[in-house]
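Welcome! Have a look at it below, and then read on.

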Amino acid sequence: MADPELNPRHIARAHHISLRTLYRLCEQGGLSLEQWIIDQRLENVRCDLSRSARDHHSVEAVARSWGFSNPTFFSRRFRLAYGLTAGQWRRRAHELPAK
């Protein structure tokens, strides 16, 4: 997930299937492959921002580590997915009492 070059062609090749077969399988499962990749990356960023161990990394650095090379795209998608900016998410996550 962290590889910014990850794309459907790489996934198909890794599974020894054609790109057309990959898209057909995703369509049959009701899945947009590109959206799934973005969603998985966003979730990984969200989890990392919740961890104190990643506090010394900027939000942009954490996003980059999960394959988001465009900060504007990342910011827009994070806010759309979670209703907060990544910085707001990080601050709120650290305000919650530890379990």
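## A first look

Valine 45 is found in helix α3, where helices are DSSP runs of H or I of at least four residues, strands are DSSP runs of E of at least two, and both are numbered from the N terminus. This is a predicted model, in which local features need pLDDT of at least 70 and side-chain atom pairs count only at pLDDT 80 or more, while totals for chains, interfaces and linings use all residues. Residues are numbered from 1 along each chain as its sequence is written, and side-chain values use heavy atoms, with hydrogens and water left out.

**The chain as a whole**

- The chain has six helices and zero strands, giving the pattern α-α-α-α-α-α when read along the sequence.
- Along the principal axes, the C-alpha atoms of the chain fill a box of roughly 45 × 30 × 25 Å.
- Of the 99 residues of the chain, 28% count as buried; buried means under 20% relative accessible area, exposed means over 50%, and partly exposed lies in between (1.4 Å probe, protein chains only).
- Among contacts with a separation of 6 or more, 60% involve residues 24 or more positions apart; a contact means heavy atoms within 4.5 Å.

**Valine 45 and its surroundings**

- Valine 45 counts as buried, with 0% relative accessibility.
- Not counting residues up to four places away in sequence, valine 45 touches Val62, Ala63, Trp66, Phe68, Phe74 and Phe78.
- Alanine 2 is 43 residues from valine 45 along the chain, and the C-alpha atoms of the two are separated by 9.9 Å.

**Asparagine 44, next in view**

- Asparagine 44 is also found in helix α3, and with a relative accessible area of 23% asparagine 44 is partly exposed.
- Leaving aside neighbours within four places in sequence, asparagine 44 is in contact with Met1 and Trp66.
- The C-alpha atoms of asparagine 44 and valine 62 are separated by 9.2 Å, and the two residues are 18 residues apart along the chain.

**How α3 meets α5**

- Two packed helices are described by the angle between their axes and the distance between the axes.
- The axes of helix α3 (residues 33-50) and helix α5 (residues 71-82) cross at roughly 85° and come within 10 Å; these axes are lines fitted to C-alpha atoms over the stretch in contact, and angles run from 0 to 180 degrees between N-to-C directions.
- That makes α3 roughly perpendicular to α5, on a scale where under 35 degrees is roughly parallel, over 145 roughly antiparallel, 65 to 115 roughly perpendicular and the rest oblique.
- On the α3 side, Gln35, Ile38, Leu42, Glu43, Val45, Arg46 and Leu49 meet Phe73, Phe74, Arg77, Phe78, Ala81 and Tyr82 of α5.
- The residues of this contact divide into nine nonpolar, one polar and three charged; Ala, Val, Leu, Ile, Met, Phe, Trp, Tyr, Cys and Pro count as nonpolar, Asp, Glu, Lys and Arg as charged, and the others, Gly among them, as polar.

**The nonpolar cores**

- In soluble globular proteins, nonpolar side chains tend to be buried together.
- Here the largest nonpolar core has ten residues: Ile38, Leu42, Val45, Leu49, Val62, Ala63, Phe68, Phe74, Phe78 and Ala86. Such a core is a set of buried Ala, Val, Leu, Ile, Met, Phe, Trp, Tyr and Cys residues joined through side-chain atoms within 4.5 Å.
- The elements giving two or more residues to this core are α3, α4 (59-65) and α5, and the largest share, four residues, comes from α3.
- Apart from this core lies another, of six residues, among them Ile11, Leu22, Cys26 and Ile37.

**Aromatic rings**

- Five aromatic pairs turn up in a search of the whole structure. Rings of Phe, Tyr and Trp (its six-membered ring) pair if their centres lie within 6.5 Å, and planes under 30 degrees apart count as stacked, over 60 as edge-to-face and the rest as tilted.
- Phenylalanine 68 and phenylalanine 73 form a tilted pair, because their ring centres are 6.3 Å apart and their planes are at 35°.
- Phenylalanine 68 also pairs with phenylalanine 74, tilted as well, at 5.1 Å centre to centre and 55° between the planes.
- Phenylalanine 68 is buried at 5% relative accessibility, whereas phenylalanine 73 is partly exposed at 27%.
- Ring pairs link Phe68, Phe73, Phe74, Phe78, Tyr82 and Trp89 into a cluster.

- Histidine 16 sits in the loop between α1 (8-14) and α2 (19-28), and counts as exposed at 74% relative accessibility.
- Although histidine 16 is not a glycine, it has a positive phi of about 55°.
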